[in-house]
Amino acid sequence: MTYRETVEYMFRQLPMFQRQGKAAYKNNLNNTILLDNYFGNPHQKFKSIHIAGTNGKGSVSHILASVLQKAGLKVGLYTSPHLKDFRERIKIDGRKIEETEVVDFINANKTFFEQIKPSFFEITVALAFYYFAKKCVDIAVVEVGMGGRLDSTNIINPILSIITNIGYDHTEFLGTSLEQIAKEKAGIIKKHVPVIIGETQNSTEQVFIEKAKLGETPISFADKIYKCNYSTLSLQNEQIFHLEKDGQAVYKNLKSNLLGVYQRKNIISSLHALEQLKKLEIAISEKNIYDGIASVSETTGFQGRWQIIGNNPLVVCDTAHNISGIMEVLSQISNTPFKNLHFVVGVVNDKNIDKILEILPKNAHYYFTRANIPRSLDEKILMKNAGKHNLRGKSYSRVEIAFSEAKKYAEKEDLIFVGGSTFVVAEVL
């Protein structure tokens, strides 16, 4: 098979949560363990960092990978979902896995895969760990797909675990309260392996403390150590973070090409994680930290987080897709100067869309659409529901058409925002 045929086979033959939703969800690690044993337990052949959380885990993963690369380490990076190319999920030193590696992996093991019938995510995790071991990475940064306890990545025994925050997402699988969701995310906490919690939340703090006690696990809360009360924008369009540790200014003039204001939280989690990694005898200098954080997008190929893709009018996309993530984005929109707001939006059909729609700005013109995946909510249904919340606009059957219409009607002083779903952003990019 060619690379394209191989990826089409994976999409077609293997149940994929991002496209199909609940039907593709596996509530155990049986296949993951079978696959890991079949390939000789590759996850045991490299150090790893495990990152979970409702929002921010992708940003923290890329920030850490960027700094570790600047420190001269050979760094594997596993994230999900991808935006444009499947190979974005599996990288070493910012370079996507080779097409031939994907093709050879599937072709050589297809008979076994068809016997045990793994999900798309299970196969992808197996490929990532196999590839990282084969290429002898020094360390791998591994992002949890969903939850933690039953996520396929949770077979690793990392040197450091990170849980960024807890919010409402995938509630049909993880639970309907923050405490229940936290218990699932806390499933990545391992005995004696230090864990960092990015944000202290009243409803979840004790969940993590109790889980850590059970495993005699050192636990710390990043936002109790670092503060980032504000950030500014440089003339070079970089975000400059103003940080404090124990009341003293630290990391002065720390710049990043990640422009989302919500990155203040992720920087705090990342800096505390880097501090812990140094204690674990990972050689990281202050220069590595400055250089890595300044160049996350270029170093790791990170995309889709308050990403400016056009000017005059300003065009911004962001993959935020749950209540807490969208609220962060809306806060940044409210602080961005524009004449008129154009909102290209699509969602998946298993979200609580009324809660999302009720917080979207009423003063925008909406272009309701759907991404080209089975899980997408029909654009006409989305528009009908939006109308109940006084959101006005038109529906478009394809993202490409919706985006084209927004660009046609927007004036130079306007803002076009694209979001609501990772897959809508992917099609625009």
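Helix 3 passes helix 5 in a right-handed crossing, where right-handed means that the near helix is turned clockwise from the far one by less than a right angle, and left-handed that it is turned anticlockwise. The model is predicted, so local features need pLDDT of at least 70 and side-chain atom pairs count only at pLDDT 80 or more, while totals for chains, interfaces and linings use all residues. Residues are numbered from 1 along each chain as its sequence is written, and side-chain values use heavy atoms, with hydrogens and water left out.

**Helix 3 and helix 5**

- Helix 3 (residues 30-38) and helix 5 (residues 99-116) pack at an angle of about 155°, and their axes are 11 Å apart; helices here are DSSP runs of H or I with at least four residues, and strands are runs of E with at least two, numbered from the N terminus.
- Axes are lines fitted to C-alpha atoms, for helices over the stretch in contact, and angles run from 0 to 180 degrees between N-to-C directions.
- The angle makes helix 3 roughly antiparallel to helix 5, a word used for angles over 145 degrees, whereas those under 35 are roughly parallel, 65 to 115 roughly perpendicular and the rest oblique.
- From helix 3, Asn 31, Leu 34, Leu 35 and Tyr 38 meet Asn 109, Phe 112, Phe 113 and Ile 116 of helix 5, with contact meaning heavy atoms within 4.5 Å.
- The residues of this contact divide into six nonpolar, two polar and no charged; Ala, Val, Leu, Ile, Met, Phe, Trp, Tyr, Cys and Pro count as nonpolar, Asp, Glu, Lys and Arg as charged, and the others, Gly among them, as polar.

**Helix 4 and helix 11**

- The axes of helix 4 (residues 57-70) and helix 11 (residues 286-294) come within 8 Å and cross at roughly 130°, and the two helices are therefore oblique to each other.
- Helix 4 contributes Ile 63, Ser 66, Val 67 and Lys 70, which meet Asn 288, Ile 289, Asp 291, Gly 292 and Ile 293 in helix 11; by class, this contact has four nonpolar, three polar and two charged residues.

**Gly 346**

- Gly 346 is found in the loop between strand 14 (341-345) and helix 14 (353-357), and Gly 346 is buried at a relative accessible area of 1%, where buried means under 20%, exposed over 50% and partly exposed in between (1.4 Å probe, protein chains only).
- The C-alpha atoms of Gly 346 and Thr 369 are separated by 5.0 Å, although these residues are 23 residues apart along the chain.
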